[in-house]
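Please open the model in your viewer and keep the sequence panel beside it. The tour below goes from one selection to the next and says what is to be found at each stop.

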Amino acid sequence: QVQLVESGGGLVQPGGSLRLSCAASGSIFSINVMNWYRQAPGKQREFVAGITSGGRANYADSVKGRFTISRDNAKNTVYLQMNSLKPEDTAVYYCNAVLLESRHGYYRNYWGQGTQVTVSS
């Protein structure tokens, strides 16, 4: 019943900005952590940024100072504001959420379908 729907990907020039959104919907009791991962062609999937339910964020060194993760708990939505984009940021970006579907359930991992971000002149 739970699904993550992403939006905001696209083509942008180096130095430009883009904002990704990911909304979780369905049977949700609580969301612990929401994360962004990315995978470039021929590369392993890597962690980009994560944020706890209390708003504590952490970032990969490669994006620190350029990207900002945030969340709206009322909307079960996480955002990734990407500034000063570089060609090496080109990848498929995936939303990830660790959540409870019911009070007496257990935490499960959910993934979005991925959205393409291309940084090119």
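A residue is called buried when its relative accessible area is under 20%, exposed when that area is over 50%, and partly exposed in between, with a 1.4 Å probe and protein chains only. The model is a predicted one, in which local features need pLDDT of at least 70 and side-chain atom pairs count only at pLDDT 80 or more, while totals for chains, interfaces and linings use all residues. Residues are numbered from 1 along each chain as its sequence is written, and side-chain values use heavy atoms, with hydrogens and water left out.

**First stop: Arg38 and its partners**

Select Arg38, which counts as buried because its relative accessibility is 5%. Then look for its salt bridges, a salt bridge being a side-chain nitrogen of Lys or Arg within 4 Å of a carboxyl oxygen of Asp or Glu. One of them goes to Glu46, with the closest N and O atoms 2.7 Å apart; Glu46 itself, at 34% relative accessibility, counts as partly exposed.

Salt bridges that share partners join Arg38, Glu46, Arg66 and Asp89 into one network, and a search of the whole structure finds five salt bridges.

Strands (E, at least two residues) and helices (H or I, at least four) are DSSP runs numbered from the N terminus, and two strands pair if DSSP finds at least two bridges between them. Select E9, where eight of the ten residues are buried, so that this strand is largely enclosed by the rest of the structure. E9 pairs with E4 in the antiparallel sense over nine bridges, and here the bridge partner of Arg38 is Tyr93. Strand E10 (residues 108–111) runs antiparallel to E9 and is joined to it by four bridges, with Asn96 partnered by Trp111. Strand E11 (residues 115–119) also pairs antiparallel with E9, over three bridges, and Ala91 stands opposite Val117.

Which residues are in contact with Asn35, leaving aside its neighbours within four places in sequence? With contact meaning heavy atoms within 4.5 Å, they are Phe47, Ala49, Gly50, Ile51, Tyr94, Cys95 and Asn96. Asn35 lies in strand E4 (residues 30–39) and counts as buried because its relative accessibility is 9%.

**Last stop: the open sheet**

Finally, select E1, E3, E8 and E7, four strands that form an open sheet in that order with antiparallel pairing. Strand E1 (3–7) and strand E7 (67–72) stand at the edges with a single partner strand each, so one side of each is left without a neighbour in the sheet. Between E1 and strand E3 (residues 18–25) there are five bridges in the antiparallel sense, and Gln3 stands opposite Ser25.
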